[in-house]
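Welcome, and please load the model in your viewer. We will go from one selection to the next and look at what is there.

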Amino acid sequence: MKERYELAIERIQCMVSEDKIEEKYSAYCLRTAQLFLTLNDIFTAVNSGGMEDVSTDELKRWNVELYKELRGGEYETSYANPRVSCKKFGREEGGVLCYFYSRFRDGILDAYDGDREALVLLMELFLQVYTVLTTEDDPVRWLKETLYYFVHDYDEYYTGKSVRRKIDPSLKRIVSIVMDSNLAEERYLYYYGENITENEIGTAAYIRSLPQETVELMASTYTEGYRQGFVAAGIDLSKKETVNIHYHIGFERVVREAVRQFEGMGLVPVIFMIGNTQSAGVRTTPANKQYLYDHRFDDALYLNHALVKQKLSHVEKTFAAFKSEAGGFAGPAVIEVFGEKLFVPETKSESPAYSPEQQKLSVDYRRDYTLIQSRYIKEEERSFTIIAFPIPEIGQDFEAIFKETIKLNTLDMDVYRGIHQALIDALDKGDHVHITGRGENETDITVKLHELKHPEKETNFENCLADVNIPVGEVFTSPVLKGTNGVLHVTKVYLNQLRYENLRMTFRDGMIVDYNCSNYGSGQENKKYIRENVLHNRETLPMGEFAIGTNTLAYKMGRKYGIEAKLPILIAEKTGPHFAVGDTCYSMSEDIVLHNPDGKEIVAKDNECSILRKTDIEKAYFNCHTDVTIPYDELGDIVVVTKDGDEIVLIKDGKFVLAGTEKCNV
């Protein structure tokens, strides 16, 4: 491998001074060659003395050089932009070359990892592309063939690496950054290899200024929530060995304290990064969210049934090889952030898009991956926790919002336990719940509830305090689908960091039968946007959850600072009733016996889709769960209707009116 690396980098060094390539491709190849030469400098530094021997100025220069072409207006001239590549090389050829260019950028994290093999594969791929561009009369054909066989031949390597990094505690580079770096200086931020902005610098500086007891409080709220999740589910945490820590760069001081606290529970940290995604592991402020959006369906260039089947076999093989590590995995502990600039994506015709067959393959792959994973990481033996904090981009009130968020995350659970119990006692008398909007909100929906056979010892709703979902503040259930009908509407909402204007979904017997929004001028574009990003390329999804959020302090904070749209779903879902489309909250763990603080067993865990797990598991799960919240100022009434037709009003014109819940009206 060392010999292959040396041969590849030598060939790329020579390429910079060559003039044999056609002018049409010269700038593309030169930019890519320069990228790999920079990555070679980084790789050499990592493997010779480590980042500690590199000056801070050089670390910053590398960061600017690697990410500047994605930032701001620079992206409009980058070959990573499908519109640029397609305009330069034509639709078909440009699409493939854009994919390759984005793939070559994956080498950034490989260089910082010191991963020689990963860099070799990418450099050799670039040399193949270079050969095609300089020798072939039909470059499109050979570029496509090069792409397909690269994906085919190295899928076992990449799939294995992807699975392993999530469960293998021997991969310690990121843990070392957290535990061994001098956090009193900002230079360690550049050890990751990710895009570093004022968000990361400012977050680290602010947390550096906090007293130790505040940092310990933030960490213990997070780790104790994790532990309590196991207690609530009756799962023995002592049998587990690893915890997967997710966080945003800049929170290292909190994470370091959390690692120490997790070690006190007998858990070793696993921390990983995945390039070109902000969905898992260590995250940072993206250099360009449009870039991520443009490349979200890149696999449409090659995805077929054979590759999916092969990839799933490699997933199975890797989990089997790391069966012990998977069995010791306790679950993720996540620190989310909020406050980034709001983003409305542009849907580009030049970006790859799935065919109908590929849409089904993508859905099937995610489902089957989850089923394989669940055999090795058993859902009934794991838990999680998630907490959120703001970052400086939220505005000039960052520090004040941060302090209020700490208060939100540490609210008195005893107070909310009683409020929730009053709501649950009323809800458990119901046959269904009727929810309406007010003002411009046109929500009018009926949610059907499970029949309680033994109401003296059973309940439909979970009393959600502050364990797995921090902060405190909701009661929730899995509705019966048949009989759940009506319209869910919100005038504006952010789901997974994407904005939706006038999002409207119509349900019939719990399934989405129609949907639309007003983001774009074309109804077809609006439907496509929702189908891709909410339905995840499915024809429909069920209503997996109905909940009533009780954290009006979070709602008040959002209004006070004008940040409602920037609140993460973790907090936003507590600021009003919300409805999740996709799986239930108990997906793949329905048989775990759970009790509320009053001792009643929670029995509403299945619906007509999830119960199919007992007869046809492939039809039971959708591997997605997206919460849509109606804010209090758009909420009309929430009324429980009993079998006899009696009505119990919980909320009237957005105000809590049920006895015992009045403290929510802040």
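## A stop inside a helix

Start by selecting V255, which sits in helix α12, residues 252–264. Bear in mind as you look around that this is a predicted model. Is V255 buried or exposed? With a relative accessibility of 1%, V255 counts as buried. Now show its surroundings: leaving aside residues up to four places away in sequence, V255 touches V178, I245, Y247 and I335.

## Helix α1 against helix α7

Next, select residues 2–15, which form helix α1, together with residues 116–135, which form helix α7. Their axes lie 9 Å apart and the helices pack at an angle of about 40°. That angle makes α1 oblique to α7. Look along the pair and you will find that α1 passes α7 in a left-handed crossing.

To see the contact, show side chains. From α1, display K2, R4, Y5, A8, I9, R11, I12 and M15. From α7, display R116, L119, V120, L121, M123, E124, F126, L127 and Y130. Colour this contact of α1 with α7 by class and you get twelve nonpolar residues, five charged and no polar ones.

## Helix α2 against helix α7

Keep α7 on screen and bring in helix α2, residues 23–48. Here the packing angle is about 165°, and the axes are 11 Å apart. How does α2 run relative to α7? The angle makes α2 roughly antiparallel to α7. This crossing, of α2 past α7, is left-handed.

On the α2 side, pick Y25, C29, T32, A33, F36, L39 and F43. Their partners on α7 are R116, L119, L122, M123, F126, Y130 and L133. By class, the contact of α2 with α7 holds twelve nonpolar residues, one polar and one charged.

## The cysteines

Finally, select the cysteine sulfurs. How many disulfides does the model contain? With a cut-off of 2.5 Å between sulfur atoms, the count is zero. Zoom in on C86, which is in no disulfide: the nearest cysteine sulfur belongs to C98 and is 6.8 Å away. C86 counts as buried, at 9% relative accessibility.

C624 counts as buried, with a relative accessibility of 9%.

Note on methods
Residues are numbered from 1 along each chain as its sequence is written. This is a predicted model: local features need pLDDT of at least 70, side-chain atom pairs count only at pLDDT 80 or more; totals for chains, interfaces and linings use all residues. Side-chain values use heavy atoms; hydrogens and water are left out. Buried means under 20% relative accessible area, exposed over 50%, partly exposed in between (1.4 Å probe, protein chains only). Axes are lines fitted to C-alpha atoms, for helices over the stretch in contact, and angles run from 0 to 180 degrees between N-to-C directions. Helices (H or I, at least four residues) and strands (E, at least two) are DSSP runs, numbered from the N terminus. Angles under 35 degrees count as roughly parallel, over 145 as roughly antiparallel, 65 to 115 as roughly perpendicular and the rest as oblique. A crossing is left-handed if the near helix is turned anticlockwise from the far one by less than a right angle, and right-handed if clockwise. Contact means heavy atoms within 4.5 Å. Ala, Val, Leu, Ile, Met, Phe, Trp, Tyr, Cys and Pro count as nonpolar, Asp, Glu, Lys and Arg as charged, and the others, Gly among them, as polar.
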